[in-house]
Amino acid sequence: MDWNNDGIKDLISGDTNGRVWIFMNTGTKEKPVLAEGVQLKAAGKIVINGSHELAGPYSKIHYADWDGDGLNNLLIGQLSNIVFYKNVGNKSEPEFVDPVELTNTGGSFPDRSSPYVIDWDEDGKKDMIIGTENGNIFFYKNIGTVKSPKLSEAKEIKLESEEFAKSYRHRLEITDWNNDGKIDLLVGERYAQEKRGYIWLFLGK
Amino acid sequence: MKFRNLSLCFCLFVLCAVLVGYSGDASAQKTFQPGVKLMADGKPIDVTTGHSVPTVADWNNDGKKDLITGQFRDGKIRLYLNQGTDAKPVFKDSVYMKAGGKEISLPAG
């Protein structure tokens, strides 16, 4: 993730209190060196549970251009919703305003959603895929436009594997893992009985 | 005869509409092979006290994707550098990522 568009990768992370940490890379492409974390501000205030009307705990961050204006926005899965922080800065200096809550035609999103933006159905518009607390993975089709996305109700993405079925608190990464041109899913998890946290790979058929 | 042609046209139209509708839906219905655990050094990657949060990036710019994941214990972030190829990633050990010279440790939950 390149926060400030300088060509070298930075790191961002949420935390349990709802903060957004930015670790700027002060090294090189080959040898990244991260500076001490800086807490993100939006509308002049540090983002943390309660700092803004909609800011909640347990932030899971996704940095992507959701509203088609060429700037990456922050989509944050929280305890009971997904909020959208619009980037009103520029590519090298992102700046964010008060968040708004995202909705879908079925209502709100599941608890502790892990949002991921991708054109899943390849119709030229970005859709949303989310991992959830309960372990379901959902596809929300963008039935709006590129610049004004509107999400349909959830459609479950069926994933199988015996042990996987017991896991929950799913966190998603979507990538072409094996470079075969098909989308693959990586799913992080929690399984309290064994205090485990495997990473599952589901290769696209 | 004319009527029959018209009804044939109509049937073809319906068939096309169904096919177009079907292919549109098919692209939304991606399917996946059964899940496998990502491995490192021959064992499943299992972050300390759970809560794995994977992300993929070519961290060291060597043309191969690497794996970064959060974990619950001490809110640390693990980096697995890819020892294989970009199309066939292989992981051995991980390091905890540092920032400002210290291991990153965030409030976890």
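**Entry 1: chain B at a glance**

I began by reading chain B along its sequence, where the pattern is α-β-β-β-β-β-β-β-β-β. That comes to 1 helix and 9 strands. I am working with a predicted model, so local features need a pLDDT of at least 70. Of the 109 residues in chain B, 35% count as buried.

**Entry 2: the open sheet in chain B**

Next I looked up how some of these strands are arranged. In chain B, 4 strands form an open sheet in the order β4-β5-β6-β7, and the pairing is antiparallel. As a reminder to myself, strands of a sheet pair through backbone hydrogen bonds, either parallel or antiparallel.

Which strands stand at the edges? They are β4 (53-57) and β7 (91-96) of chain B; each has a single partner strand, so one side of each is left without a neighbour in the sheet. From one strand to the next, the twist averages 25 degrees.

I then checked one pairing by residue. Strand β6 of chain B, residues 77-82, is joined to β7(B) by 4 bridges. Here R78(B) has Y96(B) of β7(B) opposite.

I moved over to chain A and picked strand β12(A). Of its 6 residues, 5 are buried, so the strand is largely enclosed by the rest of the structure.

With β11(A), the pairing is antiparallel over 4 bridges, and I137(A) in β12(A) has G131(A) opposite. The hairpin of β11(A) and β12(A) has 5 residues between the strands, and G135(A) in this hairpin takes a positive phi near 100 degrees. With β13(A), β12(A) also runs antiparallel, joined by 4 bridges. There N142(A) has L151(A) in β13(A) as its bridge partner.

**Entry 3: aromatic pairs**

How many aromatic pairs are there over all chains? I get 11.

I took W120(A) and F139(A) to begin with. Their ring centres are 6.4 Å apart and their planes are at 35 degrees, so this pair is tilted. The angle falls between the cut-offs, since stacked requires under 30 degrees and edge-to-face over 60. The pair links distant parts of the chain: W120(A) is in the loop between β10 (114-118) and β11 (127-131) of chain A, while F139(A) is in strand β12, 19 residues apart. I looked up the burial too: W120(A) is buried at a relative accessible area of 0%, and F139(A) counts as buried at 4%.

Then I turned to F164(A) and F202(A), which form an edge-to-face pair with 4.8 Å from centre to centre and 65 degrees between the planes. F164(A) sits in the loop between β13 (151-156) and β14 (168-175) of chain A and F202(A) in strand β16 (residues 199-202), so the pair ties together parts 38 residues apart in sequence. Both F164(A) and F202(A) are buried. They also belong to a cluster: ring pairs link F164(A), Y198(A), W200(A) and F202(A).

**Entry 4: charges over rings, across chains**

**Entry 5: the largest pocket**

I asked for the largest pocket and got a volume of about 930 Å³. Its lining has 41 residues, and those nearest its centre are I12(A), K60(A), I61(A), V53(B) and T55(B). Which elements each supply at least two residues of the lining? In chain A they are β1 (11-14), β6 (60-64) and β14, and in chain B β4 and β5 (66-70).

**Entry 6: positive phi values**

Most residues other than glycine have a negative phi, so I noted two exceptions.

- N5(A) has a positive phi near 60 degrees. It lies in the segment before β1 of chain A and is partly exposed, with a relative accessible area of 47%.
- H51(B) has a positive phi of about 65 degrees. It is in the loop between β3 (43-44) and β4 of chain B.

Is H51(B) buried or exposed? At 8% relative accessibility, H51(B) counts as buried.

Key
Residues are numbered from 1 along each chain as its sequence is written. Chains are lettered from A and ligands numbered from 1 in the order in which they are written. This is a predicted model: local features need pLDDT of at least 70, side-chain atom pairs count only at pLDDT 80 or more; totals for chains, interfaces and linings use all residues. Side-chain values use heavy atoms; hydrogens and water are left out. Rings of Phe, Tyr and Trp (its six-membered ring) pair if their centres lie within 6.5 Å; planes under 30 degrees apart count as stacked, over 60 as edge-to-face and the rest as tilted. Buried means under 20% relative accessible area, exposed over 50%, partly exposed in between (1.4 Å probe, protein chains only). Two strands pair if DSSP finds at least two bridges between them. Axes are lines fitted to C-alpha atoms, for helices over the stretch in contact, and angles run from 0 to 180 degrees between N-to-C directions. On a 1 Å grid over the protein atoms alone, a cavity is a set of points where a 1.4 Å probe fits but cannot get out, and a pocket is an open set with protein on both sides within 12 Å along at least five of seven lines; lining residues have an atom within 4 Å of a point. Grid points are joined across faces, edges and corners, and a volume is the space filled by probe spheres set on the points.
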